[in-house]
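Dear colleague,

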Amino acid sequence: MSKTITIDGVTRIEGHASITIDLDDQGRVSDAQFHVTQFRGFEKFVEGRPLTEMPSVMARICGICPVSHLMASAKACDELLAVEIPPTAVKLRRVMNLAQIVQSHALSFFHLSSPDLLFGFDGDPATRNIFGMMKSHPQFAKDGIMLRKFGQEIIALLGGKKIHPAWVVPGGVTEALSAERRERILAGIPAAMDIAKRGAAWLGSVVDKFPEEAAVFANFPTMFAGLVGPKGNIEHYDGAMRFADDSGRAVVEFSDPRKYSDYIGEAVEKNSFLKSPYFKPKGYPNGVYRVGPLARVVMAEQCGTPVADADLARFRSCLGRAPSSSFHYHWARLIEILYGIEAIESLMNDPDILNARVRARARPNRNEGVGITEAPRGTLIHHYRIDDQGQMVWANLIIATGHNNLAMNRGVRQVAERFITGDKLEEGMLNRVEGVIRCFDPCLSCSTHALGRMPMQVVLRGPNGETLDELRRD
Amino acid sequence: MNCAEIDNSARGRPLDVLVIGYGNTLRRDDGAGPAVVARMSGMHEGDRCAFSIVHQLAPENVEEIGRARRAVFVDASVGVAPGKIRVSRLSSREPGGRALTHFVSPQTLLWMSQKLFGRSPAAWSVEIGVADLSVGEALSPAVDRACARLAGHLGHRLRWWLHSPELSASLNASKEDFYVRT
């Protein structure tokens, strides 16, 4: 007798995602799917708007990572203007993008994922969250808050506000950095670095205490994708787009962002509004690949900064060059935090960083432009077409979480196969399904995150729709 | 109105007063809190007083709250008549079991401050009744007038707190109270 388990409300954004797990006649998992049931529609409703509005409009996709959309959108618009933006503007954009990555990773690791690692995946759900952490591990909670604040303050110091700054524009940025603001940014570096080092050291010390989770949290070989720097270093703002095999070896690399569609296909499933990008040469669904911190860390030859590289060496000595388990996204995130802080410090000390030339002005000179950046969760692609008056006629967005959709689906199935047996549901199963999704830190409409526990309902139904078992969290 | 976030909370220094205005400035009267604090932020009262404007309260706000002796949270409210002002005393409250959170309440921030920094300020909620929450940046006339009035009241209160140290010190900050004539 086959059955279906529906997890309705697995979400980091107001309950707009669900999971379906199908069981066969023997009660074994036969399929599992992660459905995103919300609809954004930004690609459609920007049609007819002037390109100059795009960065600010597209930033509204997300309240957590608006900076990432600002960057990708502005880069697409730079292409439409066909301008080379001033070098100082590139550096300032890099700083803001890195600050965004630091603050977002801090949220993901300290606020959302570390409660599972501190209290265990079978810990009491009433305390297995950031508020429980504040009671039992206040320094850890404080570290997360202060690190996130560090990144957000840099965004505010550069862009005027933490959320939806309008400072990144086609052609550069609107305002140069003042010496006073540079000093304020630099003043925050030592404390942020201390926190990041503590977090990385702690995670490195406990990572081998979760062998079961590491074994089944989306643990399978896939390709990886993301930007890489000129020497193969880790890269978040520009550089070449690379696809690598499951060992991290480059398969395809291209510098012209417009070539993305030669290699990325977008499948659409009837039961999800989240597209399923795939590596075209391998076809759908075999062309599964992962993006984000794990992919970037796997593909990079090095970070290029001493503290991050030391932790990367430790990561590789423990896990190898290309760990196949998505559980290790957490450690990769901490390496990127270390790198981000070091890189921000380096950029702030660049003698050119206070240069007043930060914007190139031009009219539209192309009808098509693509911008690719690395968001905290992975590669973010904005592709625009405009008419001769500079008005948008078409847009396509490939969001970082979308690239990971196929891997998340397989990961949910893998966890379900390991933890679901027969007709009975256990709380630990629920949390591990959450946990595998949380490794990817999805931002389904790029807008929100759960604090420790997602609202969730799991219903185990018989073939005639009867409820066999139900677990619910509000 | 200056929609940019303001954070002049001198990092690491103890504060006598922290005023936080929060709300969505793109939904007209929901931006009342930011509007009040934007009006007040021109006050030059030294570095023991700080003003913050944020889109919404988040855990990161706990750091500055943990440094403050008094905190005033200014927000828009649908529970107050349009253009009216309600002041109420706040106490810390442990968060319940809400799993999803875009936003933390002032009471939760006070609780967090106590847990993480071992102290929390005397705190008040100042709510401004809203008339129009549609899309747009301009406040409705009644709310705009209320914001101006409230900024004046809070400014007086703030100067009293800052410049009457002998009187202020004689009061236990956790027990004092204030009112706004509406």
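**Helix α13 of chain A and its neighbours**

Helix α12 covers residues 306–319 of chain A, and its axis comes within 8 Å of that of α13(A), the two crossing at roughly 165°. Because angles over 145 degrees count as roughly antiparallel, α12(A) and α13(A) are described as roughly antiparallel to each other. On the α12(A) side the contact involves A:Pro306, A:Val307, A:Ala308, A:Asp311, A:Leu312, A:Arg314, A:Phe315, A:Cys318 and A:Leu319, and these meet A:Trp331, A:Ala332, A:Ile335, A:Leu338, A:Tyr339 and A:Glu342 of α13(A). Sorted by class, the residues of this contact are 12 nonpolar and 3 charged, with no polar ones.

Helix α13, which spans residues 329–348 of chain A, also packs against helix α16, residues 427–440 of chain A, at an angle of about 30° and with the axes 8 Å apart. That angle makes α13(A) roughly parallel to α16(A), and here too α13(A) passes its partner α16(A) in a left-handed crossing. The residues that meet are A:Tyr329, A:His330 and A:Arg333 from α13(A) and A:Arg438, A:Cys439 and A:Phe440 from α16(A); by class they comprise 3 nonpolar, 1 polar and 2 charged.

A further partner of α13(A) is helix α7, residues 179–187 of chain A, whose axis comes within 10 Å of that of α13(A) and crosses it at roughly 150°. At this angle α7(A) is roughly antiparallel to α13(A), and α7(A) passes α13(A) in a left-handed crossing. From α7(A) the contact draws on A:Arg182, A:Ile185 and A:Leu186, while α13(A) contributes A:Ile344, A:Glu345 and A:Met348. The residues of this contact are 4 nonpolar and 2 charged, with no polar ones.

**Aromatic pairs**

Searching the whole structure gave 19 aromatic pairs over all chains. One of them is formed by A:Phe121 and A:Phe210, and it is edge-to-face, with 5.9 Å from centre to centre and 80° between the planes. This pair links distant parts of the chain, since A:Phe121 lies in the loop between α4 (87–119) and α5 (130–136) of chain A, whereas A:Phe210 lies in the loop between α8 (189–206) and α9 (211–216) of chain A, 89 residues apart.

The model as a whole scores ipTM 0.80 and pTM 0.88. Chain A has an average pLDDT of 87, with 88% of its residues scoring at least 70, but there are stretches in chain A to treat with care. Over residues 9–15 of chain A the pLDDT stays under 50, and the model has 39 contacts beyond four places in sequence for them; residues 445–455 of chain A likewise stay under 50, with 74 such contacts in the model. Chain B averages a pLDDT of 84, and 80% of its residues score at least 70. In chain B the pLDDT is below 50 over residues 1–10, a stretch that has 39 contacts in the model beyond near neighbours in sequence. Where pLDDT is low, the predicted coordinates should not be read in detail.

Methods. Residues numbered from 1 in each chain as written. Chains lettered and ligands numbered in written order. Predicted model: local features only at pLDDT ≥ 70, side-chain atom pairs only at ≥ 80, totals over all residues. Heavy atoms only, no water. Axes fitted to C-alpha atoms, helices over the stretch in contact; angles between N-to-C directions. Helix = DSSP H or I, 4+ residues; strand = E, 2+ residues; numbered from the N terminus. Parallel < 35°, antiparallel > 145°, perpendicular 65-115°, else oblique. Left-handed = near helix turned anticlockwise from the far one by under 90°. Contact = heavy atoms within 4.5 Å. Nonpolar A, V, L, I, M, F, W, Y, C, P; charged D, E, K, R; others polar. pLDDT = per-residue confidence, 0-100. Phe/Tyr/Trp six-rings, centres within 6.5 Å; stacked < 30°, edge-to-face > 60°.
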